[in-house]
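My notes follow in the order of looking up.

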Amino acid sequence: MRNLIILLSFVFLLLPAFASAELYFNQEYRFSLDAPQGWSIKKSSQPNTIVKFVLRDSNARIAVLSIAAYDESTLSKLVPLTADSVFETFKKEYSDFDFRRIAAGKRKIRSMNAVWNLIEITNPPQARLIGKHYHFRRNGKLWRISAMTDSGKEFFDKVLPIMEKSIATIAFGT
């Protein structure tokens, strides 16, 4: 009886964590993750972006968690895959933007080795955002998961833990 009470207590402690997310599954790319509860799921007009989860708060601030997959040709340009090599590619692609890299590093996302860059874009004004962009290789593709906001560091710092909690749940099927 004592073990049953302990087990039930453990289950009830975990229920709020599971109730705060919505499972998203992508059939084509065979991955899933716990999307933040209450965020809209959007398709992207960008060819490599698979899905976006979007929050618009009561102050009209926007947070976006997006997932993209790039083919082998992109992968070969990033050998080895480092935060610096990804940032160098970013600088070339967005040479007409004003931005700065705030931080960079490595992280395990489940069993995958990922590199990340925290980048703030300041100009042009319509592209102003702060984003933490993770990159990793999986199944012959280069994956990018971006956690971004459009309204300054304070809002970014507020929603980043929510987005990182979702990122940590990504799982790939066979």
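I counted four helices and ten strands in the protein chain; helices (H or I, at least four residues) and strands (E, at least two) are DSSP runs, numbered from the N terminus. Along the sequence I read the pattern α-β-β-β-β-β-α-α-β-β-β-β-α-β.

I noted that this is a predicted model, in which local features need pLDDT of at least 70 and side-chain atom pairs count only at pLDDT 80 or more, while totals for chains, interfaces and linings use all residues. Residues are numbered from 1 along each chain as its sequence is written, and side-chain values use heavy atoms, without hydrogens and water.

Next I looked up burial (buried: under 20% relative accessible area, exposed: over 50%, partly exposed in between; 1.4 Å probe, protein chains only). Of the 174 residues in the protein chain, 40% are buried.

I then turned to strand E9. Eight of the nine residues of E9 (residues 141-149) are buried, so the strand is largely enclosed by the rest of the structure.

Which strands pair with E9? I took two strands as paired if DSSP finds at least two bridges between them. Strand E5 (residues 62-70) pairs with E9 in the antiparallel sense over eight bridges, and alanine 68 has arginine 144 in E9 as its bridge partner. Strand E8 (residues 129-138) also runs antiparallel to E9, joined by nine bridges; here phenylalanine 136 is partnered by tryptophan 143 in E9.

Last, I checked the hairpin of E8 and E9. Two residues lie between the strands, and asparagine 139 takes a positive phi near 55°.
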